[in-house]
Amino acid sequence: MPLLLLDLDNTLLDRAGPFRTWAERFLDGIGAPPRDIEWLLSIDADGLTDRWDVADAIRDRYRLRIPSIDLVEELHDGVVEFTRLDPLVACALRIADDAGWMPVVVSNGAVRQQDTKIRRTGLDRYVADWVISEEAGVSKPNPRIFALAAQRARMPLRGAWVIGDGPEADIGGATAVGLPSIWLHRGRPWTDARFAPTATVDTVIAAIAEIMGA
């Protein structure tokens with residue numbers, strides 16, 4: 001039973017949409033102009049910017065008296081509130097499981113937010129386990145986190161595939177550990193000359209179908 005090592009944000013669960021929804025509501029609540037959504041999206045950098053840095057940038061721009069810790073909580077909870085599991089993704093995971101694959105989530109991020117998203121959306125019913133970088137003490141692209149995921153699932157890494165939207169974290173990590181990978185392009189071109197994915201598709205459903213058909 002080979003492993004499917006899957007990224008969480010913008011792979012199994014949409015993050016871009018929920019973050020934008022939260023951000024628009026938040027900006028409206030503090031009386032910021034609608035055009036500021038583009039500024040906030042750029043500061044967030046698709047979730048790659050540290051939450052404390054995002055909170056500080058918001059406080060400084062709008063001269064808010066809200067403590068940074070409260071804004072960090074708002075950033076965590078707001079995204080979780082709008083996150084949903086696509087039923088078609090759940091179906092694809094079930095099909096993969098029935099075909100003998102073992103889906104395991106490998107995610108960078110904070111335990112509180114990532115674990116809550118997995119459980120609250122019901123994704124936990126469709127994956128064998130999950131490893132989150134904050135708890136693991138190591139993050140993608142470090143090969144150790146993929147080894148920890150295999151250890152958690154009590155399965156060898158040999159024969160595993162990595163699926164994710166992060167060029168460095170997911171595809172770079174897969175390359176470092178010697179695993180084939182599928183990159184979710186999300187409308188972006190591949191630009192990194194150091195390594196490349198085994199295949200490129202637009203959705204995790206297509207990625208799972210690609211692997212099962214290989």
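1. Of the 214 residues in the protein chain, 47% count as buried; buried means under 20% relative accessible area, exposed over 50% and partly exposed in between, with a 1.4 Å probe and protein chains only. Please keep in mind that this is a predicted model, in which local features need pLDDT of at least 70 and side-chain atom pairs count only at pLDDT 80 or more, while totals for chains, interfaces and linings use all residues. Residues are numbered from 1 along each chain as its sequence is written, and side-chain values use heavy atoms, with hydrogens and water left out.

2. Now the overall build. The protein chain has ten helices and six strands, where helices (H or I, at least four residues) and strands (E, at least two) are DSSP runs numbered from the N terminus. Its radius of gyration is 18 Å, close to the 17 Å that the globule rule gives for 214 residues, so the chain is as compact as a globular protein of that length. That radius is taken over C-alpha atoms, and the globule rule is 2.2 Å times the number of residues to the power 0.38. The C-alpha trace spans about 55 × 35 × 30 Å along its principal axes. Among contacts with a separation of 6 or more, 60% come from residues 24 or more positions apart; contact means heavy atoms within 4.5 Å.

3. Next, the helix pairs. Two packed helices are described by the angle between their axes and the distance between the axes. Axes here are lines fitted to C-alpha atoms, for helices over the stretch in contact, and angles run from 0 to 180 degrees between N-to-C directions. For α1 (16-29) and α2 (residues 36-44), the axes come within 10 Å and cross at roughly 130 degrees. The two helices are therefore oblique to each other: angles under 35 degrees count as roughly parallel, over 145 as roughly antiparallel, 65 to 115 as roughly perpendicular and the rest as oblique. Their crossing is right-handed, a crossing being left-handed if the near helix is turned anticlockwise from the far one by less than a right angle, and right-handed if clockwise. On the α1 side the contact uses F19, R20, W22, A23, E24 and L27, which meet D36, I37, E38, L40, L41 and D44 of α2. By class, this contact has seven nonpolar, no polar and five charged residues; Ala, Val, Leu, Ile, Met, Phe, Trp, Tyr, Cys and Pro count as nonpolar, Asp, Glu, Lys and Arg as charged, and the others, Gly among them, as polar.

4. With α3 (residues 51-62), the axes come within 9 Å and cross at roughly 115 degrees, and the crossing is right-handed. R51, W52, V54, A55, D56, I58 and R59 of α3 make this contact with S68, I69, L71, V72, L75 and H76 of α4. Eight of the contact residues are nonpolar, two polar and three charged.

5. The other partner is α6. Helix α4 (residues 68-82) packs against α6 (residues 111-120) at an angle of about 15 degrees, with the axes 10 Å apart. That makes α4 roughly parallel to α6. This crossing, too, is right-handed. Here E73, L75, H76, D77, V79, V80 and E81 of α4 meet R112, Q113, T116, K117 and R120 of α6. The class count for this contact is three nonpolar, three polar and six charged residues.

6. What about the backbone? Most residues other than glycine have a negative phi, and most peptide bonds are trans. R63, in the loop between α3 and α4, has a positive phi near 50 degrees and is exposed, with a relative accessible area of 76%. R186, in the loop between β5 and β6, also has a positive phi near 50 degrees, but counts as partly exposed at 31% relative accessibility. A cis peptide bond joins K140 and P141, with omega about 15 degrees; P141 sits in the loop between α7 (133-136) and α8 (143-153).

7. Leaving aside neighbours within four places in sequence, D7 touches L12, V106, K140, I163, G164, D165 and D170. Of these, G164 is 157 residues from D7 in sequence, yet their C-alpha atoms are 4.9 Å apart.

8. Finally, P197 lies in the loop between β5 (181-184) and β6 (199-201) and is buried, with a relative accessible area of 16%. Not counting residues up to four places away in sequence, P197 touches I171, S181, W183 and W190.
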